[in-house]
Structure formats: structure tokens, C-alpha cells
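Let's take a walk through a protein together, one piece at a time. Have a look at the fold first, and then read on.

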Amino acid sequence: MVNKGGRPTTNRITVLDIFIGKGKSFSHARLMTILGQNINRVSLYRTLSDLVDAGILNRTMDSNGVLQYYFANGQSDNLPLNPHFKCKNCEQIKALPMLPAAYLNQILSLGHVENTSFFIEGICMKCSK
Ligand SMILES: [Zn+2]
């Protein structure tokens with residue numbers, strides 16, 4: 001059987017290599033550009049989805065409505081609602097303090113939480129100089 005996307009484990013390592021140490025978020029389209037022929041679209045979707053399910057990556061919609069993936073860095077427990085600051089210019093991501101428990105409790109009382117991360121977007125100090 002020919003598997004154009006490569007083995008799942010290989011795909012995960014290839015994809016994770018891009019995220020780890022960069023502190024940036026990437027959209028599916030951006031990852032396709034970076035990976036080129038190394039993975040097909042469907043395999044990449046599946047790999048990203050697996051990594052999110054495993055709590056290794058987080059995903060969230062940016063202000064343009066594009067799904068962004070970023071390294072969870074051990075902050076993807078069920079409860080923590082952990083906002084991040086994202087620079088729209090250099091795309092660096094910095095974790096912000098977790099929201100207080102009262103806030104979390106109120107959210108959980110409203111329904112089942114599926115995406116517990118969000119970005120506060122702007123221009124970082126470095127880029128604004
Ligand atoms: Zn910046």
C-alpha cells in the first residue's frame with residue numbers, strides 16, 4: 001500500500017519539529033507551504049487533529065477566521081483557560097496568566113468547553129520599535 005503522507009509517527013515528528021522551539025502559530029496552509037512535498041493535505045489535517053487530541057498542540061481561530069495551531073507547552077489540561085498574546089507581525093506567541101477559577105467556573109456552567117485557548121492579538125514591543 002502506498003501512503004503518500006508517510007507513516008503517522010513520522011508525520012507527527014515532522015510537524016512537531018516546526019512548532020517546537022519557534023513559539024509561533026501556524027495555519028494549515030502555512031504548514032503546507034513549509035512542508036511542501038513531505039506531506040499531503042489530508043495527512044496534515046489528520047496529524048494536526050491527532051496532536052490537538054493528544055494535548056500537544058492547541059488550536060484557535062485568529063481574527064481573520066483562520067484556524068491557528070500552536071505548541072501547547074504542557075498547558076492543555078482540561079480546565080485552564082490560558083490566553084496568549086500573539087504578535088500579528090512576527091507571530092511570536094507568549095502565554096498570559098491563566099484566568100481566575102471564578103471565570104472558569106462560569107464558563108463551565110454555560111456548557112461543554114471544546115477550545116480552551118485564545119489569542120489576544122497585537123504588535124509586540126520588539127516589532128513596534
Ligand atoms: Zn512581533
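How many helices and how many strands are there in the protein chain? The protein chain has five helices and six strands. Here helices (H or I, at least four residues) and strands (E, at least two) are DSSP runs, numbered from the N terminus. Before going further, please note that this is a predicted model, in which local features need pLDDT of at least 70 and side-chain atom pairs count only at pLDDT 80 or more, while totals for chains, interfaces and linings use all residues. Residues are numbered from 1 along each chain as its sequence is written.

If you follow the protein chain from the N terminus, its elements come in the order α-β-α-α-β-β-β-β-α-β-α. Of its 129 residues, 17% count as buried. A residue is called buried if 20 or more other C-beta atoms lie within 10 Å of its own, exposed if 12 or fewer do, and partly exposed in between, with C-beta atoms placed from the backbone. Contacts tell us about the chain too: two residues are in contact if their C-beta atoms, placed from the backbone, lie within 7 Å. Among the contacts in the protein chain with a separation of 6 or more, 58% are between residues 24 or more positions apart.

Now let's turn to a pair of helices. Two packed helices are described by the angle between their axes and the distance between the axes. Helix α2 covers residues 28–35 and helix α3 covers residues 41–53; they pack at an angle of about 120 degrees, and their axes are 11 Å apart. The axes are lines fitted to C-alpha atoms, for helices over the stretch in contact, and angles run from 0 to 180 degrees between N-to-C directions. α2 and α3 are therefore oblique to each other, since angles under 35 degrees count as roughly parallel, over 145 as roughly antiparallel, 65 to 115 as roughly perpendicular and the rest as oblique.

Which residues bring α2 and α3 together? From α2 come His28, Leu31, Met32 and Leu35, and they meet Arg41, Leu44, Tyr45 and Leu48 of α3. Sorted by class, this contact of α2 with α3 has six nonpolar residues, one polar and one charged. For these classes, Ala, Val, Leu, Ile, Met, Phe, Trp, Tyr, Cys and Pro count as nonpolar, Asp, Glu, Lys and Arg as charged, and the others, Gly among them, as polar.

Ser43 counts as buried because it has 20 C-beta neighbours inside 10 Å. Ser43 and Arg12 are 31 residues apart in sequence, and their C-alpha atoms are 9.8 Å apart in space.

α3 also leads us to a sheet, as it lies across β2 and β3 and runs at about 110 degrees to β2. Strands of a sheet pair through backbone hydrogen bonds, either parallel or antiparallel. In this open sheet, three strands stand in the order β1-β3-β2, with antiparallel pairing. β1 (26–27) and β2 (57–61) are the edge strands, each pairing on one side only. Two strands are said to pair if DSSP finds at least two bridges between them. β1 is joined to β3 (residues 67–71) by two bridges, and Ser27 has Gln68 in β3 as its bridge partner. β2 and β3 pair over five bridges, and here Gln68 is the bridge partner of Thr60. β3 is largely enclosed by the rest of the structure, because four of its five residues are buried.

In β2 you will find Asn58, which counts as buried because it has 23 C-beta neighbours inside 10 Å. The hairpin of β2 and β3 has five residues between the strands, and Gly65 there takes a positive phi near 80 degrees.

Finally, visit the other sheet. Three strands form this open sheet in the order β5-β4-β6, and the pairing is mixed. Its edge strands are β5 (93–95) and β6 (119–122). β4 (residues 84–87) and β6 pair in the parallel sense over four bridges, with Gly122 in β6 as the bridge partner of Cys87.
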